[in-house]
Amino acid sequence: MGHEPARHWTRRAPRPITRQTRKAACRDGAPVHLTGPPMSRYSPAEIEPKWQQAWDEALTFRAERKEGKPKYYVLEMFPYPSGRIHIGHVRNYTMGDVVARYKRATGHNVLHPMGFDAFGMPAENAAMASGGHPKTWTYDNIDTMVDQMKPLGLSIDWSRMFATCDPEYYGQQQALFLDFLEQGLVYRKNAVVNWDPVDMTVLANEQVEDGRGWRSGALVERRELTQWFFRISDFAEDLLEALDGLDDWPAKVKTMQANWIGRSRGLQFAFSTTDAPEGHDRIEVYTTRPDTLLGASFVGISPDHPLAKHLERDNPEVAEFCAECRRVGTSEEELETAEKKGLNTGITVRHPFDTSWELPVYIANFILMDYGTGAIFGCPAHDPRDLEFARKYELPVQTVFAPAMGEEGTFILPEDGGPAYVPPKVETVRYLKPFAGAEAMTGDEAVDAAIAFCEENGVGQGVTKFRLRDWGLSRQRYWGCPIPVVHCEACGVVPEKKENLPVVLPDDVSFDQPGNPLDRHPTWRDVPCPSCGAPARRETDTMDTFVDSSWYFARFTAPRAETPTDMADAEYWMNVDQYIGGIEHAILHLLYSRFFTRAMHLTGHLPEKSREPFDALFTQGMVTHAIFQTKDKAGRPVYHFPEDVELRDSSAFLKDGTEVEIVPSAKMSKSKKNVVDPVSIVSDYGADTARWFVLSDSPPERDVEWTAAGAEAAHRHLSRVYRLAMEAAGAGDDAGSGDEALLREMHKTVHDVTQGIESFGFNAAIARLYAFTSTLAKADAGGPAKRQAALTLAQLMSPMTPHLAEEMWSLLGGEGLLADAPWPTADETMMVESTVTLPIQINGKRRAEIEVPKDMGKDEVEAMAMAHESVQRALDGGQPKKVIVVPGRIINVVV
RNA sequence: GCCCGCGUGGUGGAAUGGUAGACACAGGGGACUUAAAAUCCCUAGGCGCAAGCCGUGCCGGUUCGAGUCCGGCCGCGGGCACCA
């Protein structure tokens with residue numbers, strides 16, 4: 001290391017350069033250390049670009065098939081090119097990088113790619129807001145983000161990068177679509193969308209605010225359009241069953257998916273109607289609780305049910321009610337949280353068990369046409385929604401079952417004002433109105449008995465249904481993958497020929513008016529019919545962006561292939577061994593991807609093993625930051641940037657002395673002014689500090705709060721490590737008295753850090769590295785032992801802080817690039833301790849501890865514990881009731 | 001509303017059902033320095049002079065032993081099919 005450059009990495013980096021420079025000059029002028037080697041400071045600005053260049057030149061992270069070497073595919077969920085990387089990205093990619101670098105060091109051939117999920121609404125919104133083009137906006141953003149990501153020193157094979165808006169990518173996606181179409185995996189049907197009648201455009205759910213279009217403010221309507229659907233529901237059973245085999249997925253994600261797919265066993269049967277219009281003499285209903293049939297008090301149908309639509313035609317009251325229901329948004333959340341409303345149709349149905357018992361038929365706003373048959377019977381006593389509805393419309397409430405004998409407790413019958421009684425189906429309850437099976441049964445048993453009874457008596461049939469609906473992929477938007485079909489007057493819907501792919505988006509479009517620019521493009525729609533050659537029109541809908549992200553991981557295995565995938569590459573690289581991303585994708589993205597890989601297998605684009613594409617999944621938490629706020633005169637919050645706030649004694653103040661309220665751990669958002677920009681962190685402290693910090697402190701699956709103090713501490717620690725490495729490099733060749741102790745600790749650290757990384761306990765691994773750094777700093781060891789310890793420390797830190805580690809490696813005389821060095825192994829014999837400390841509990845509370853040889857017998861341990869003065873004191877001359885000795889763990893004396 | 005999580009010192013957090021608070025931040029004290037910065041050392045859950053007592057959101061349960069398992073409640077977060 002030569003002389004220091006002008007730029008210095010001082011404690012508080014965001015200081016003006018002039019001051020730093022002055023200080024540096026002053027320091028360099030007077031020798032700080034009069035003895036020993038010249039002491040250089042840790043300078044990430046210098047070493048980080050140096051090592052990044054070294055890795056680049058050596059093509060260290062270029063992934064190539066190497067038969068015979070175990071492959072490892074690690075992938076972080078690719079980003080949307082919003083324009084700037086976010087500290088959450090840094091955390092996500094750093095975690096992936098730790099895994100990637102660790103796997104490289106343990107002899108794996110690693111694939112670690114990066115790309116961009118580049119289609120979507122923000123690009124169009126930006127174009128509408130500031131007049132640019134979505135394409136320019138997107139590619140500019142990608143350039144910026146790549147520039148921001150590269151300095152992080154991620155071990156990514158950048159040669160495989162692509163964006164989903166590249167025609168080379170979406171053209172292959174169109175080929176997939178055509179193959180799916182041919183295979184019968186895609187079809188068209190009507191579906192409702194949010195329609196803005198003023199802007200004449202389809203709105204996404206997030207563009208609907210309180211039932212109004214976000215730009216026009218117009219009341220949103222539901223409108224039916226013919227749209228394309230993937231038959232994901234055909235795979236419901238398989239997608240559900242296969243969850244069992246995903247051993248390395250978080251249980252919570254599997255539970256969420258299982259609930260989403262929602263397999264249920266129930267009874268489907270028909271009520272016969274009275275006074276209903278022709279063709280509606282039966283109403284089919286589906287129920288998962290046929291055991292409550294004797295508690296039925298009304299029948300509810302969806303406003304979109306055929307009977308409701310029929311009545312609507314010549315009954316203005318019904319028409320108005322249905323119209324009102326349709327003003328509620330299309331999302332399940334809105335339907336469920338809206339006030340329960342119904343309209344009595346005047347039609348009644350006969351109860352299947354007693355034809356003299358008539359139930360009223362209501363059109364109800366909380367019944368979905370998409371689920372079951374779009375009609376239900378209401379049992380208010382055992383369903384909170386039905387109870388709310390029954391109380392509102394003064395319908396009867398009749399309890400069917402009550403808590404089992406002896407567990408009644410404070411049970412209040414729902415008809416007496418109690419809440420709806422909905423115990424878990426595995427719980428045994430007492431049936432007050434049984435019609436099948438015993439009086440005391442579990443809900444599950446009762447449902448089975450009820451289905452059997454109904455089937456025997458010809459009332460209905462047991463059926464299995466799924467909540468999972470088919471995946472609607474049509475979007476009435478420009479910035480997405482065009483659906484490659486053509487509408488021909490003579491031939492109908494005709495797939496585009498594969499040789500005509502990609503169907504490329506036209507560049508000459510404008511966003512000065514709402515609606516889909518593809519619809520109003522002068523020529524783009526006009527094409528000859530691929531079948532008969534007559535003039536025809538292109539489909540102007542584009543694909544849901546979830547399609548783009550449902551197979552990008554497969555494309556990374558052969559990103560430039562002329563077909564969607566290359567089988568040899570897919571065979572070699574698939575599956576993704578470790579997938580890392582946010583929990584917010586637990587359901588949709590992951591479920592759609594699991595469907596897509598199944599469909600890609602059926603159409604010959606992926607091997608059988610890739611039906612489940614992600615062998616292991618890790619869901620990481622968010623990065624949060626405190627919000628600094630004051631209140632204006634009206635009491636509304638005013639937000640302040642962290643750099644405008646001074647922290648004094650855990651309170652915060654503005655420059656003018658106003659005290660600021662600190663809201664801790666809030667999700668970062670621009671409007672709250674609590675966003676931390678990774679770029680400034682990297683330029684202030686270096687990438688290694690940023691990487692080290694986002695991994696320390698918080699377990700990866702949990703949120704981590706970014707604090708300036710924490711980042712400084714991380715930087716201080718790395719400087720210390722660097723100093724220790726310098727010291728070790730310059731130390732003599734004599735042995736020291738603490739050599740063995742240091743090396744013992746080193747081996748334990750190797751073991752613990754390895755475990756930490758293997759189990760995604762990055763924060764624990766880092767805590768261990770802190771401890772070992774302390775040990776090394778204090779060790780009374782000789783030069784050789786210190787150098788060995790420092791080299792190992794560099795290796796153990798290399799997945800987290802690769803540049804610093806590489807620098808230490810070269811300082812200490814390591815061979816070649818550390819990035820190519822094998823992972824250290826712990827010598828088990830160095831880790832064995834001869835004695836163990838056992839805590840002694842008295843009645844479960846720790847009162848003392850004894851140190852015993854590791855292999856001491858249980859009886860001897862017990863005798864030693866009993867002889868201990870605090871045990872004797874507790875016994876007070878008596879005998880213990882019980883003594884539990886867990887060898888190597890604990891002693892508990894019960895007195 | 002429904003599904004899934006999470007809740008531990010002043011703060012971020014650690015803890016295969018077995019010593020609650022590792023490691024770190026902020027704090028307090030000290031060393032070095034003319035001084036400051038940097039660095040290093042010590043201290044540190046609460047209450048108590050102490051012996052000791054109390055402590056993992058709240059209430060209850062299982063267990064020799066519960067932060068961890070079970071039930072109920074409260075609070076916060078994620079998802080709810082056109083945000084990505």
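**Entry 1: the parallel sheet**

I looked up an open sheet of four strands and found the order S2-S1-S25-S26 with parallel pairing. I note that the model is predicted: local features need pLDDT of at least 70, side-chain atom pairs count only at pLDDT 80 or more, and totals for chains, interfaces and linings use all residues. Residues are numbered from 1 along each chain as its sequence is written.

For the terms, I recorded that strands (E, at least two residues) and helices (H or I, at least four) are DSSP runs numbered from the N terminus, and that two strands pair if DSSP finds at least two bridges between them.

The edge strands are S2 (109–111) and S26 (617–620), each of which pairs on one side only. Within the sheet, S1 (residues 71–76) and S25 (residues 578–582) are paired through three bridges, and I found Val-74 opposite Gln-578 in S25. Helix H3 packs on this sheet and touches S1, S2, S25 and S26; contact means heavy atoms within 4.5 Å.

**Entry 2: strand S7**

I traced S7 (residues 221–230) to S3 (residues 186–196), an antiparallel partner joined to it by ten bridges. S7 also runs antiparallel to S18 (residues 471–472), with two bridges. Phe-230 stands opposite Val-186 and also opposite Trp-471 in S18.

**Entry 3: helix H25**

I then examined H25 (residues 802–811), where eight of the ten residues are buried; buried means under 20% relative accessible area, with a 1.4 Å probe and protein chains only. Among them are His-803, Leu-804 and Trp-809. The buried residues pack against H2, H3, H20, H21 and H24. After H25 comes Gly-813, with a positive phi near 85°.

Methods. Chains lettered and ligands numbered in written order. Heavy atoms only, no water. Buried < 20%, exposed > 50% of the residue type's maximum accessible area, 1.4 Å probe, protein only. Axes fitted to C-alpha atoms, helices over the stretch in contact; angles between N-to-C directions.
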